[in-house]
Every structure is written in structure tokens, then in C-alpha cells.
Amino acid sequence: GLFHDLIPQYNYLSDPFDHPVSASDSDDDSVEDIDEQEIYDLISSISDPEHPLSLGSLAVVNLPDIHILPPTSPYSSISTVLVEVTPTITHCSLATVIGLGVRVRLEQALPPRFRVDVRIKKGTHSTDEAVNKQLGDKERVAAALENGTLMGVLRKMLSTCE
Amino acid sequence: MPPPPEALSYTLQPLATLSPPSNSRTWQSAPHPNLPLVGTACSDRTVRVYSLTSFTLLHTITGGHKRSVRSVSWKPGVKGQSVLATGSFDASAGIWRRDERGLEEQDYTRRRIGGDGDEGEEEEDDDYQFSCILDGHESEIKSLSWSPSGQYLATCSRDKSVWIWEELEDDNFETIAVLQEHDGDVKCVAWHPEEDLLASASYDDTVRLYREDADDWVQVALLDGHKMTVWWVEFEGSWMTRKDFRAHRDGLTEEQTRHVELSERSGPRLATCSDDCTVRIWHREPKEGTGRASTNTGIPSIIRSMAVDEDWVQEVVLPQRHERAIYSVSWSQKTGMIVSAGSDGKILVYKERWKTQTPNGASVGDEDTRMVENSQLTEWVVVAELFSAHDVFEINHVCWAARSDKGRRSEDEEVILSTGDDGEVKVWVLNELNIGELKGK
């Protein structure tokens, strides 16, 4: 599998309190299957907040803009998923909400060993850096998920998944 | 096979996981100033108070906040009771009190006489009582902190402001300053250990310092250097030059002696950490005419029009070993060591030393990223590195606390507390490896 050689065998490093090795092994098996296509499948069915269309059909999310980065150290089991989204118009005020939807969808669907980075594809949005900064801010994302109104919008966007 | 140990002279060993853990994200933990307790801010809107003696949950403070509790701070210098401030995503801060008078005696009596039963009633008496709410911020409170004297409480928020509150009498808080210098969320506030000097770190990538000038709190310094959000800011302990590696004055060169004198004149330094994956240390340039060593600096004295302004400069960037946002950095007040943690799930411990003194020659010569040169006479080295401290989860906070369990090896021994997205607060001991130099101890 993709990660087989990258994931360290010495599981005690990952968990100093010694969970049974067999449990970690089965985790590894499930991780092997996750590739860019699977990430795409998880997020392409998200609905656009203002159109009755999916992010995949609007080409807001595209397979070539999804990257899985393996752990950077043999002592780490943390992989990174980088998704670059392309807003439909350069001034789309909902870019942040779309990005948040993608991040939330992946954080809910992927095992916790994945860090999810969602960015606006460079040059496709007038304020992409500001949006990227918001999407990358864990604390803001956490607070957004405690906001009832915003959660309502996200729930609707994600209702077309699965 | 553990990470290469050549330059590492300590290991972090797990001592305990505070039990039971929360079943949702925990944000930050604050050790009590004098009791073996730690309060943990939880995303389930509660604060959990654990014992650092038994590592078990003593209290869960509920019913106050409508959203995540993001930050907790114990009021220092209080006798007979514990006072806890809580800051929440619901934009409010809460003050909670618990009577601690004759706590131990009371407990013994109850245990012996009461024996069985009445647990419910006792719990109610023993609980933290809600005392008052501090309203004013327009959005999530990100951090709060009592000043060392307990006179002031600082709060900061996504609304870009820093508020300073003064407790005039019990439960009567007055807003004495609303500082709106930042251009973005204010992530963290921290007080100088000796002076009424406040620091704040922000989403606008800067750190700002404030003090009172003619009845008004004003910005006195702007620290610009981080390239991304600054998540945490913390001052060095008081008079660390007399506690850390600088305390051993025998055999110092003239330059080194002068360095120590200058350090003492500028006072405690500041550590900051950021989304840009760096930890930075800043110091105040000593002002002319202050301090006992000021007469022989040879620099002409310039009378500044803004006497209250302070000149803070970046001293060093610590060795860059984090790969993602660093959320927390903490300075040991016993040893001067620094610990950091963040999104990559690693805990790193750094130690400062004289640059010319290499311990055993092992780490000299290789392209060692653990050693970062600075223009000063000292350097910081990574002395311990632990991967996956909370399994695959992010670490939101890390700090030092006095070790209080029965395994404690010395009066001064400290533990490291790490607080993670897995809802766990873990306790770590730092063990010195038996290789290399043994300084002083």
C-alpha cells in the first residue's frame, strides 16, 4: 500500500501507554486505502451553498488539486491532506463557507491521523490569503462549528454526502 | 528505535494521564499557584479540576458557559480560597470561588466521623461556586490571565481587543482599559512577572506590550517578526539569571559576565510561538540611566520624549523542529528550559547554554539544526523531543507544573503537562540521560 513503508513499525513510539499492537495494525490497514480519489469522492458531493449543484460538478473541487502528503518523519504517523478549492467567481463571498465545508467534511470522515489543509487555489479569489488564513485557523474553525447559524448552512451543504 | 540521541540529553517519560479524560477536545490547562491542582478548559463547556497528587478528577465546573471554555487562569496570592477565571467562546468570562480553608482538616474529620453516606451534600459544599460574569467582549474570548499581584485580569478576544479588569472588592470588577491596537483576533495575553506590563499575541502576526501611563493603559512596544498568527506569548520567570545556566559565575569571560549584567538590567524575556513554526525570544533593551550597571555602557544618553516606550528586540529563533503550527510555549521558572507543542503532536524541550561550551563534542561539526547561532553569547539546543505525545492528535497547550505525586525526586522537580485534542491531559517527567555533561547538579 501507499503508506506501508512509511509508517513506523515501532508502535510504542506513537503511544507511550502501550495500546495493543493488533489495534494499531488494523488502523494501518484502513489508512492504506485512502488516496486522492477517495478524498475527492468525500468532498465532491458537498452541495454549493447557493446553487443546487455539487462542488464536484461546479469544478470547485478537482482531483488534480488534492494532495496527500505522507508523514515527514519515520517517527510520525501524521499525514497531511491538502485540498485547493477553486471558487466559481473571484469575488465569491461564500468561499470561506465552502472551504469550511470541505475541511469539516474531511475532518469528520478521515481518521484523526490526517491533518486537513484547505486553501483557495492561488489566483482564483480576490482575497485568497485572508480566506486561507481563516481556514487554517483551528480556533476560528472550532468556534465556527459552535455557531448555530453557520452549522445550519454547513449541515445543509453536507447533507448530500453519502 | 528511538530518535537519534546524540544531541538530546533528556527524555520525556509518561508519568500519568489525568483520569478520567474529557471525551472532547481540551484546550488549555493551568496549574494552581500553590495547591497541587490543575484546571483544564474543555470544549464541552466545562472546566475539569484534577489533582496532581493522585492524577484524578476532583471537580467538574459546569453550568456557566454556553460554548467552549477556551482558557482558565487561577488568581494568584489568594488566601483561604481558590479563585478561577474562565474565558469562553460565548464571549464572557466567569469568576469561580472555592473555600479552601482548613480543607485537609475538614476532609479528615468528615472521613472519620461521617464515614459513609452524605457524599452528595458534601460535594455541593465543596464545589466551585459561580461568583460573577464579566461581559463586554463582542466575540469569543481566546485567553485570559491574572497579573502576578492578582490586581488585574486581562482578557482578549476575536473582537481584536484586550480588556483589563480590576477587582475593586469581591465580585466587583471594573473595566480599566480596552486596548484596540491589534488588527486581528487576539490569541493570548500574558503578564510580566514583576511589572504591570501586559503582552498580547495576535492573528495579525504581531505581539504588543502595554503599560499604564498617566492613568491610561497604552501600547509601549510592537514586536514584529513572526510571519503568521502568533498563538502564545509568555514571559520568562523572575531573576532567572540566578537560577539557570547563568547562575554559575565561576570562570566566565568578561563578555559573558557583561552579558549576564545586561540580562539582569533588561529583566525577564518574552517567548512567542506561531503558525510560522517558529519559537522566538525577545528582550528589552535596557534603558539608559536604569539599573546599577548603567554608568559604564559608553553609550551617550538620549532623553526620549516618550519615556514610556520600550525597545523590545528579537534575540533568537529557537531551533526549528516543528512542522506545523506551534500553539503553546512555556518557560520553566525553575530551570529556564522552554517546552513547546502544537499541531504536529510533538513536544520539544529546549535549553540555553553558553555558546563556547559544547558538552562532549558529539554535536559539533555536523549540520546540526538543533543548534541555532545567534549574535549573542548563548545558544539554545533541543534537549528532548517526543513524537506523537497524544497519539495522532494535536496538542493545544503545554506548561510546567510542580511535581506533587509521591514519586517526586526533589523539592524543585517539575512535570510537563500537555493538553490535547484527544481530551487528555498528560503528565510527563523529564529524565536526564547519563551521557554528556552534568552541570551543577
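Q: What is the order of the strands in the open sheet of chain B, and how do they pair?
A: Strands of a sheet pair through backbone hydrogen bonds, and they can do this in parallel or antiparallel fashion. Here the open sheet has four strands in the order S2-S3-S4-S5 (chain B), with antiparallel pairing. Strands are DSSP runs of E with at least two residues, helices are runs of H or I with at least four, and both are numbered from the N terminus. Two strands pair if DSSP finds at least two bridges between them.

A quick note: this is a predicted model, where local features need pLDDT of at least 70 and side-chain atom pairs count only at pLDDT 80 or more, while totals for chains, interfaces and linings use all residues. Residues are numbered from 1 along each chain as its sequence is written, and chains are lettered from A and ligands numbered from 1 in the order in which they are written.

Q: Which strands are at the edges of this sheet?
A: Look for strands S2 (26-31) and S5 (57-61) of chain B, since each pairs on one side only. S2(B) is joined to strand S3 (residues 37-42) of chain B by five bridges, running antiparallel. Pro31(B), for instance, stands opposite Val38(B) in S3(B).

Q: How do I read the packing of helix H3 and helix H4 of chain A?
A: Axes are lines fitted to C-alpha atoms, for helices over the stretch in contact, and angles run from 0 to 180 degrees between N-to-C directions. Helix H3 (residues 95-109) and helix H4 (residues 128-135) of chain A pack at about 35 degrees, with axes 10 Å apart. On the H3(A) side you'll find Ala95(A), Thr96(A), Gly99(A), Leu100(A) and Arg103(A), and on the H4(A) side Val131(A), Gln134(A) and Leu135(A).

Q: How many residues are in contact between chain A and chain B?
A: Two residues are in contact if their C-beta atoms, placed from the backbone, lie within 7 Å. By that rule, 20 residues of chain A touch 22 residues of chain B. Helix H5 (residues 138-145) of chain A gives the most to chain A's side, with three residues.

Q: What share of each chain counts as buried?
A: A residue is buried if 20 or more other C-beta atoms lie within 10 Å of its own, with C-beta atoms placed from the backbone. For chain B, 46% of its 441 residues are buried; for chain A, 33% of its 162.

Technical notes. A residue is buried if 20 or more other C-beta atoms lie within 10 Å of its own, exposed if 12 or fewer, and partly exposed in between; C-beta atoms are placed from the backbone.
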